[in-house]
Amino acid sequence: MICFPEPDAAILARSGPIRSALRALVPEHCLIDDSLRLAAYETDALTAYRCKPLAVVLPENAEQVAAIVRLAHQERLKIVPRGAGTSLSGGAIPLADAIVVGMGKLNRILEIDYENRCVVAQCGVTNLAITHAVAERGFYYAPDPSSQIACTIGGNVAENSGGVHCLKYGMTAHNVLGVQLVTPDGEVVRLGGKHLDAGHYDLLGVVIGSEGLLGMITEVTVRILRRPQTARALLIGFASSEQAGACVAATIAAGIIPAGMEMMDRPAIHATEAFVGAGYPLDVEALLIVELDGPAAEVDHLIGIVSDLARTHGASSCRASASESERLAFWAGRKAAFPAVGRISPDYYCMDGTIPRRELPRVLAAIYGMSQRYGLRVANVFHAGDGNLHPLILYDANQPGELERAEAFGAEILKLCVDVGGVLTGEHGVGLEKRDLMPYQFAPEDLAVQHRVKHVFDPDVRFNPGKVFPTLHRCAEQGRVHVHAGAAAFPHLPRF
Amino acid sequence: MVATFKPRDEADVADIVTRCSSRLELLGGGSKRAIGRRIEADVLDLSGLSGIIDYEPEELVLTAHTATPLDEVQRTLAAAGQRLAFDPPDLAQLLGAQSKPTIGGVLATNLSGSRRVTAGAARDHFLGCRAVTGRGERFKGGGRVVKNVTGYDMPKLLAGSWGTLAVLTEITIRVHPAPEHERTLVIPAAGAAAAVDLMGTALSSACDVSAAAFAPGRGVALRLEGFVPSVDARSSALLELLGGPDHLCLEAEVSRRYWEDSGAVVPLAHRSIVWRLCVPPRDAVRIIDALAPPCYLLDWGGGLIWIGADEVDAERIRGALHGGHATLIKAPESVRAAVPVFQPLPAPLAAISARLKAALDPHGKLNPGRLDA
């Protein structure tokens, strides 16, 4: 169970005046401070944890954001930035003594600049809306987190979001040219722009992926790419994950970086096939989807090479998509993996470690062992190209102790990822969820240097406190970790 | 009297940084020593921290000690059919240096070559590091896998910090498969405007052009890399898209050498003053018109301008920019002492940068004056 920082009693005592001061900065409909409507903001996609904030402010422009941040600076008020609230790591979960600044109303695309091959968008524009805005000219924005229909570009910047295509096209950090940032003291600054590379310290580089701890992103400039001429996919079944892993390694050794390379294990295959009927083979232990994109001549050539590699690595089945609808059908199961698992279990808990790919068979075997030990089922989907695992732990929050068991199981998986040379999170962020595991990956001196960076931007530690960096000593001092959050809401409230 | 410290390992580096009361000039190979102001300090000679620690081609990851020569890294990668996608340039000839770049120096300066426009910069391939702050603290940042968002991206902060925040001791980088084949199409262009148009069309096409540069008199060069059938199909499609222009085809090794020279800025090596401008690509036309420089090169589709001149003209050059930055990459020592070599920052960013420097190197021990006067 993860504890929340102790709320500041002095701030709670001043909640009335603080709300009044906020009300003066934004139109009436942009402030939420009644308990009923605050409930909509008490959690994000890590729904096992929730907490109602002091207030939610929904600014309509960057000037209002800066004014809110300046007020918070004066009042020593904590701020939890929020995009669409799709964080799987609890990055946008409020604190009782904090205000949530929701950026959803900053939802305009400001400029489409084809000559410089970039788009300038306010932070609350959804990831997919950027692609839609440039699709008519055959362009797109490459990073495609699975929540792209809802998640905002500002949130993507905060989390350095990935997606199934980031092996070839990079994460958010590789596709963002600049941001407008409101610093914790209320200054509005521009980092980067329409040019490449920083002329001095790469502040943009450290702000991307900083999970809302260094300031509020209000505007983002992203590069756009021409949509590849064509894309085809292969659906390859294997009798073992070792074979599938060897096939992935051989593909990369052959000089091929596929646009996407996804693996699913038997429980994931069966769950998705029962859900969407994508036509997946059910007699295999591992299923690979390999997508190749580019000019037709290249794609056809590579489909041939990867098919040959699949055969030499003992594939029990191998199908190449012959049409766009068939390609989409191959993906239908993978893309429905989370809801498919949700269908066979009341709750699931999604993990996000990255491992060196060669460790896959060993890590999978260990995860199945843990599954037995914890008495909880697990299904694995996996960005095979870059070693990013998404084990889905199945549990029932209504059964006493199951959430705690699922969390312990998840923590053991992530520790194993670190043990084999990997990391705690590949794309979901540390957030609240993995905060207390940070000392497992980083030594105290490594964290100390990161704290120094934090203090450069936010010396009062008011931006998204309680996220990313452990505050274990505080919990230990309090000695009653469940109660803090319980003052506002039950942190282990069951999901229905 | 300048003292030279030669650490054997990271512990030595930490020990030297902690104990020494003097300031330190960080030195790997020394190939870029002539960039920035002359540093009045003792020398921290990192050449003892050399060698590849771990290389797993199938994981696309390589870890090396900081002063491992760049060409050793490149030879090792080439033997496994891989390479550094960001195309690090060797500026030794431009700068008149005898020495060779090291991998740590490449990342500390975040200098990337022509492929940067499509493949990303050095910083985008910098997965993890070990380093020693100016306080003498040893730490690690990032990781050793290609996909990682755990904690702040410390490697990106150190990339391009020119050794002023911490001493890099160990580098983990992402590597890429080398292409089976490459071809460069060289197409005549009358001037900067025509060239930027042409490069823009090529980079906005679905032809996967990996680099686009222009040298007045030589024309626009467009680089296509990949599997043979793909390079063939894309070069035909690209030429058709561009209206079937006159062109030269440079194949394989000839193409490779063309880009090596281009990235090394050899055509400007005879000039005493060389500027490097990073700008929005379309701005290149206006900037070249406004400055009418004696000689120049465009790269990154216009996003990178190299200007060779005899006068430094810092205010005029920086005054021509609307966004982006200009670095005085080469000039006589007296000139470098008199003008800001790196573009001065707006006040709020200068304040954040100064706090960052103070946080990691409070006594200003590391590379004093390299980045800021």
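## Overall fold of chain A

Chain A contains 19 helices and 18 strands. The model is predicted. The C-alpha trace of chain A spans about 70 × 55 × 40 Å along its principal axes. A compact globule of 496 residues would have a radius of gyration near 23 Å, and chain A agrees, because its own value is 23 Å.

Of the 496 residues in chain A, 59% count as buried. Take the contacts in chain A between residues at least 6 apart in sequence: 74% of them join residues at least 24 apart.

## The interface between chains A and B

How many residues of each chain take part? On chain B, 73 residues are in contact with 73 residues of chain A. Several elements of chain B give two or more residues to the side that touches chain A. The strands are E8 (138–142) and E18 (325–330) of chain B. The helices are H6 (154–158), H7 (192–203), H8 (228–241) and H13 (347–360) of chain B.

H13(B) gives the most to this side of chain B, with eight residues. By residue class, the side of chain B that touches chain A divides into 33 nonpolar, 23 polar and 17 charged residues.

Strand E12 of chain B covers residues 209–215. Seven of its seven residues are buried. Its partner is strand E13 of chain B, residues 219–226. E12(B) and E13(B) pair in the antiparallel sense, over six bridges.

Ala215(B) stands opposite Gly219(B) in E13(B).

Trp306(B) lies in strand E17 of chain B, residues 304–309. Is Trp306(B) buried or exposed? Trp306(B) is buried, because 24 other C-beta atoms lie within 10 Å and the cut-off for burial is 20 or more.

Which residues touch Trp306(B), leaving aside neighbours within four places in sequence? The contacts are Val265(B), Leu268(B), Val274(B), Arg276(B), Tyr296(B) and Leu297(B). One of them, Val274(B), is 32 residues from Trp306(B) in sequence. In space, Val274(B) and Trp306(B) are 6.9 Å apart, C-alpha to C-alpha.

Key: Residues are numbered from 1 along each chain as its sequence is written. Chains are lettered from A and ligands numbered from 1 in the order in which they are written. This is a predicted model: local features need pLDDT of at least 70, side-chain atom pairs count only at pLDDT 80 or more; totals for chains, interfaces and linings use all residues. Helices (H or I, at least four residues) and strands (E, at least two) are DSSP runs, numbered from the N terminus. The radius of gyration is taken over C-alpha atoms; the globule rule is 2.2 Å times the number of residues to the power 0.38. A residue is buried if 20 or more other C-beta atoms lie within 10 Å of its own, exposed if 12 or fewer, and partly exposed in between; C-beta atoms are placed from the backbone. Two residues are in contact if their C-beta atoms, placed from the backbone, lie within 7 Å. Ala, Val, Leu, Ile, Met, Phe, Trp, Tyr, Cys and Pro count as nonpolar, Asp, Glu, Lys and Arg as charged, and the others, Gly among them, as polar. Two strands pair if DSSP finds at least two bridges between them.
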